[in-house]
4 protein chains.
Amino acid sequence: MICFNNDYSEGAHPAILQALAAENLLQNPGYGMDAHCAAAAAKIRELACCPKADVHFLVGGTPCNLISLTAFLRPHQAAIAAQTGHIAVHESGSIEAAGHKVCTIDAPQGKLTGELVRRVAAEHTDEHMVQPKLVFVSDSTELGTIYTKAELTELRRVCDELGLYLYLDGARLASALTCAENDLTLADLAQLTDAFYLGGTKNGMLMGEALVITNDALKADFRYIMKQRGGMLAKGWLIGLQFETLLENGLYFENARHANAMSARLRGGLAAAGCRFVAESPTNQIFPILPRAVQEALAKEFGFELWGAGDEAFQPVRLVCSWATKQEDVDAFLCRLGEVMAG
Amino acid sequence: MICFNNDYSEGAHPAILQALAAENLLQNPGYGMDAHCAAAAAKIRELACCPKADVHFLVGGTPCNLISLTAFLRPHQAAIAAQTGHIAVHESGSIEAAGHKVCTIDAPQGKLTGELVRRVAAEHTDEHMVQPKLVFVSDSTELGTIYTKAELTELRRVCDELGLYLYLDGARLASALTCAENDLTLADLAQLTDAFYLGGTKNGMLMGEALVITNDALKADFRYIMKQRGGMLAKGWLIGLQFETLLENGLYFENARHANAMSARLRGGLAAAGCRFVAESPTNQIFPILPRAVQEALAKEFGFELWGAGDEAFQPVRLVCSWATKQEDVDAFLCRLGEVMAG
Amino acid sequence: MICFNNDYSEGAHPAILQALAAENLLQNPGYGMDAHCAAAAAKIRELACCPKADVHFLVGGTPCNLISLTAFLRPHQAAIAAQTGHIAVHESGSIEAAGHKVCTIDAPQGKLTGELVRRVAAEHTDEHMVQPKLVFVSDSTELGTIYTKAELTELRRVCDELGLYLYLDGARLASALTCAENDLTLADLAQLTDAFYLGGTKNGMLMGEALVITNDALKADFRYIMKQRGGMLAKGWLIGLQFETLLENGLYFENARHANAMSARLRGGLAAAGCRFVAESPTNQIFPILPRAVQEALAKEFGFELWGAGDEAFQPVRLVCSWATKQEDVDAFLCRLGEVMAG
Amino acid sequence: MICFNNDYSEGAHPAILQALAAENLLQNPGYGMDAHCAAAAAKIRELACCPKADVHFLVGGTPCNLISLTAFLRPHQAAIAAQTGHIAVHESGSIEAAGHKVCTIDAPQGKLTGELVRRVAAEHTDEHMVQPKLVFVSDSTELGTIYTKAELTELRRVCDELGLYLYLDGARLASALTCAENDLTLADLAQLTDAFYLGGTKNGMLMGEALVITNDALKADFRYIMKQRGGMLAKGWLIGLQFETLLENGLYFENARHANAMSARLRGGLAAAGCRFVAESPTNQIFPILPRAVQEALAKEFGFELWGAGDEAFQPVRLVCSWATKQEDVDAFLCRLGEVMAG
């Protein structure tokens, strides 16, 4: 069965497996104190024009988010997130387990705005409530949408005004940064956020995310929290090596461009077939609303996730392409779609 | 520089890299719900004669310990550990961060006994103190020593008597089970403990540990806690595949036997040179007490950890061998030792 | 200035001060292990027809809620509450600080229904989300409304169906149980909930709440959690003695009846003057929507809380009466209201 | 039965009951924002010569300790305490429940020294261990001993050198400051510690402790944490009023002087009868080592706590006097002691 369930079904870009094989019997220091992590961090600082940033390598997105918020927030402080935000829904209460409330607000297209942040902040007036302190956004979002430079700049302005940190979850950052509509750069992110991460797991690495902390006030003792919360890999060099490999020759962005291209092809085919979409996503996740019979027929041959419960007539679904998605599989899906819609 | 610092300096056994390469472009379900995890779990259940056990795959030892104790203990309950226990010293307070006290007691050779457990339990008499509920042991221990079947059986007996869980950290379990002095089997562990794990990171895997929960009362909803604490790898199949590979042909134990053999060779050479040891370790970690000048001379050419502060005349050190340690490197060390001691 | 800000502005019913004075120099065991706590607990068990219930005395509502949920829930489990619920808004994230998410839903009149609970539960489908496990309701609610026996019975039915606990915050329970519209008894509460508490702080005691746990599965080791979270008063007998005093002669309910009568008088006067209300509250809190000019004029002479931001024309406010509210103060308020509205 | 079990068996000094009665029907703002708390805080600042200190009123010692450490420490930071320290033994793991390890060390006479602190700090070298950040001492200690000005000054010096906070638990501070051997003043405490508290519960108040934070870096948002952890009393003015009453006419110290005098009388009588003591306590707790038969005979008529298990011949006990202890009761004890020892 061909699956569009997610972008972490396959292993890693072949260049990574080659790099691992080459390095395999050499001895590296543990816990990310090795030359590969140092080189990957240096490369990231260079690409993001933030020579003083701290870069840490973590195993996955949930540990990255929970360890960051654990390190950044005092016990009474809360995060602000879109109601659809990953930490608000799909991390099993990891932020609450770390002691912090996630204040959510309905955010059109999954995107927070300065105005929405201001509204949440305004509801919290004294010590009988939590103190919102950090704005959590994702790029791309849970709905595959992206932030423009103007939008992120406005969020930064409101955060500065209200004394909030701005944190960006970049599990699918490469897809966001390489899509046609994007006008943000890594350097913009480093300048506009207090911390953000570059996702690896969903962009052709076995595992791994690279957290970039640019706000000096958030840097101290981060490695203590990483270790304490189980987020410091013994063979940390594995993550450093993978980022080094992907970033060296632009493979990191090439992987994402491929995933985007495959999604665009899917999206085009679905639109041509008359489908509407839950959100206007230019990235590697798309959310077509399929006639129920179509969805059921396709589900027999292709893997994908249902998105919400739908109604009698229609069922929204999520289709995700990855660095490894084959064009022939996309075409097979669209071909079958055509047949099914034709009835 | 040849390093005996630890057993996680190298990558993975070549068979693992081959298996990864073969699987790399296939699509696997996420989060450990794949066929490789299922097969590896089945193999572990078979080897440990515990057909009803739950098996979970985690990224490393610290997440394994902290997630287990988080899942097993109520908020007022505490663990009992040797003063040298990993959770008591080297996990940055991860158990306390999860809300639980670790009650420690000085344990000769790093090993808890029924009597020591009883003593800690007896000190905790009412609700103004924590309630010890889980005994934490490692095999091999932090000092490289191992538990005998009689010792573990006695611990089980005391745990039953006092209503305590028995949890065994098996980061270096393969080394323990394959050393000459060992009389425990995986089946014994499954029968005598409530939960234990088979370590992979320190025995030739890129990363990964396999937690085995045999006590039905501790099984419910474990995956929720795994996810919540950041311990559920997106590409969980990577860990399943690695255990599958190592367990299939006995490589898991072969790796450890090699590490033990290399350590035994080191130990023999050191003893022959007149060195004493901090503990009588039959496994892949040894703790010779070197004359200070010898230690300093060796440190110029070989990597190893200092063990405590030592005194003017002597410095204890830790030497660790791994599945990948080369006999020629061991011999180089011993040769240089001879030269220095002859000095 | 006459204040209608809350029901905890004054000290305690004079009978309590007398009882304290009489007991003052006698020696009582600490931490609630005394005869007064025992007698008060026995009286509560008798009144609520739950001879096997555990009764614990705590200092205030927030500690009562946070200690209960800490004791009752496993780390991945969450509470379901109305969006206006006290734990969701006004306890500074105490439940999240204890590690648990509060899943909120917009609840008309501040009251959860079986249907609303079902809806929240249905959104939580697997281990990537929290597991709702406890339904949190208040009687009276944050809006002064009350649950009927039919409504609470329906909630119980849905909780049983879904495997949820039902917890009732009774900070203002006496006011709810003694208002004209009420058809619930203490015995109903003991039968329909897993745990609930009788509030003292807001009903004429210096401080103190009495938690009643009827579900056997939730009883174990509760005192450990009380102590651990700072909720076990050294002179616990002070709370026992106060409950003993108020419950002995029906003063507990008499206090509430008085507060309700004063609120009803206020409500009647406000309605007669043409005011609408945010909610239909039959208890000791009422929420009139005042013309802004009226609110501003009254605020010069009377204390009360604003309820939300209002708009240009109108400002909702909260008026609370207590066991100690004087009828002459109510009449003074209504008199001034009349003058102001007359312009 | 006459009890020397503790110093919180009785209610409150009669002056407090009078003040409560006088204030009872007046309306006070909630949560400690009232005039009595303000006045008591001002008085404490004056007595301790720390005009800029923040003063907070909490219900008891455990909430005071746990809320302070929760507010002061980051997640990876730990407290250093004597092995006998209250937070290490008798608070049911409250500090661990707040996420922090308590690093203990055997401390002669229950007193930490600069040297002991240095030793604990030196063991914690990197991010794989917790980071000790706060030194926890009590005055008087759990063994009734006290710190001299020289000793506390030395602790401060070491804390400054190592970047540690110094926190002093003053549950029995009045007894320490008023005993004959004491050379510390409130002003010294304010200058030498980062935060300390004046105990009320054990010195003639119904309940309540006054926390004084002098280090500016520890002041921010403390009330959020108080509320969140259930430590903010609705009728906070009750605590303010009590401190106001006791501090106004020196009653706070007079209470303690009486308790000390009663203990001294007991101690003298016990020493005259040939008893040895566990520690040399000049305060209101003493720890005589009684012949077992004597202890058993006395236990039939007097209440007191056993201190440890003792041996066949001897049993250490704890005798505590309070502001309310009557001289005739002390004499009755000593008289009976004489009879029993005479056999």
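**Close-up views of a predicted model**

View 1. Leaving aside residues up to four places away in sequence, B:Val135 touches B:Ile80, B:Leu112, B:Val117, B:Leu155, B:Cys159, B:Leu164, B:Tyr165, B:Leu166 and B:Tyr167 (contact: C-beta atoms, placed from the backbone, within 7 Å). A:Val135 and B:Val135 have the most contacts inside the largest nonpolar core, a set of 465 residues (buried Ala, Val, Leu, Ile, Met, Phe, Trp, Tyr and Cys joined through C-beta atoms within 7 Å; buried: 20 or more other C-beta atoms within 10 Å of a residue's own). Residues are numbered from 1 along each chain as its sequence is written, and chains are lettered from A in the order in which they are written. Because this is a predicted model, local features need pLDDT of at least 70 and side-chain atom pairs count only at 80 or more, while totals for chains, interfaces and linings use all residues.

**View 2. Helix H3 of chain B, residues 61-72.** Here, twelve of twelve residues are buried, including B:Pro63, B:Asn65 and B:Phe72 (helix: a DSSP run of H or I, at least four residues, numbered from the N terminus).

**View 3. Where domain 1 of chain A meets domain 2 of chain A.** Domain 1 covers 2-6 + 252-342 and domain 2 covers 14-249 (bounds from an automatic or database assignment). In chain A, 18 residues of domain 1 are in contact with 19 of domain 2. H12(A) gives the largest share of the domain 1 side, seven residues.

Methods
Contact = placed C-beta atoms within 7 Å. Helix = DSSP H or I, 4+ residues; strand = E, 2+ residues; numbered from the N terminus. Expected span 1.5 Å × (residues − 1).
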